[in-house]
Amino acid sequence: MKLLLDQNLSHRLVKQLEEHFPDSNQVSLLDMGQSDDKAIWNYAKANGYSIVILDADFNEYSLILGGPPLIIWLRCGNQPKRIILEKLLQNKTVIENALATGDVWCIEIY
């Protein structure tokens with residue numbers, strides 16, 4: 001289960017997530033920091049990523065297009081890296097279940 005962190009989430013989280021979410025990445029690390037949301041969506045879909053976001057943009061794509069990719073919408077606002085990491089790790093089972101069912105395309109984490 002690979003996560004693709006949106007550009008407004010720290011690239012430093014990638015290394016911290018590796019044990020629990022292998023092969024995760026961040027948009028800027030892929031030289032996609034200036035890419036539009038549609039390009040990021042298509043990249044995630046083509047490469048088996050779930051997209052982790054802090055804003056509603058990708059949720060709107062999931063409402064219109066369905067999925068994949070799974071959208072993980074962090075509704076906690078800007079937080080320190082450790083809080084973001086904790087939220088993702090605490091919700092790993094929720095993320096896994098959403099991917100397993102195949103009919104959930106956006107989950108919100110508060």
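Strand 5 (residues 106-109) has Ile-107 and Ile-109 on a covered face, while Cys-106 and Glu-108 lie on an uncovered one. The model is predicted: local features need pLDDT of at least 70, side-chain atom pairs count only at pLDDT 80 or more, and totals for chains, interfaces and linings use all residues. Residues are numbered from 1 along each chain as its sequence is written, and side-chain values use heavy atoms, with hydrogens and water left out. Strands (E, at least two residues) and helices (H or I, at least four) are DSSP runs, numbered from the N terminus.

- Five strands form an open sheet in the order 2-1-3-4-5, with parallel pairing (two strands pair if DSSP finds at least two bridges between them).
- Strand 2 (25-26) and strand 5 stand at the edges with a single partner strand each, so one side of each has no neighbour in the sheet.
- Strand 4 (residues 71-74) pairs with strand 5 in the parallel sense over four bridges.
- In strand 5, Cys-106 is the bridge partner of Ile-71, and Glu-108 is that of Trp-73.

**Helix 2**
- Helix 2 (residues 37-47) lies across strand 1, strand 3 (49-53) and strand 4.
- Helix 2 runs at about 145° to strand 3 (axes are lines fitted to C-alpha atoms, for helices over the stretch in contact; angles run from 0 to 180 degrees between N-to-C directions).

**Met-1**
- Met-1 is found in the segment before strand 1 (2-5).
- Met-1 has a relative accessible area of 30% and is partly exposed (between buried, under 20%, and exposed, over 50%; 1.4 Å probe, protein chains only).
- Not counting residues up to four places away in sequence, Met-1 touches Phe-21, Pro-22, Ser-24, Lys-92, Ile-95, Glu-96 and Leu-99 (contact means heavy atoms within 4.5 Å).
- Met-1 and Pro-22 are 21 residues apart along the chain, and their C-alpha atoms are separated by 6.7 Å.
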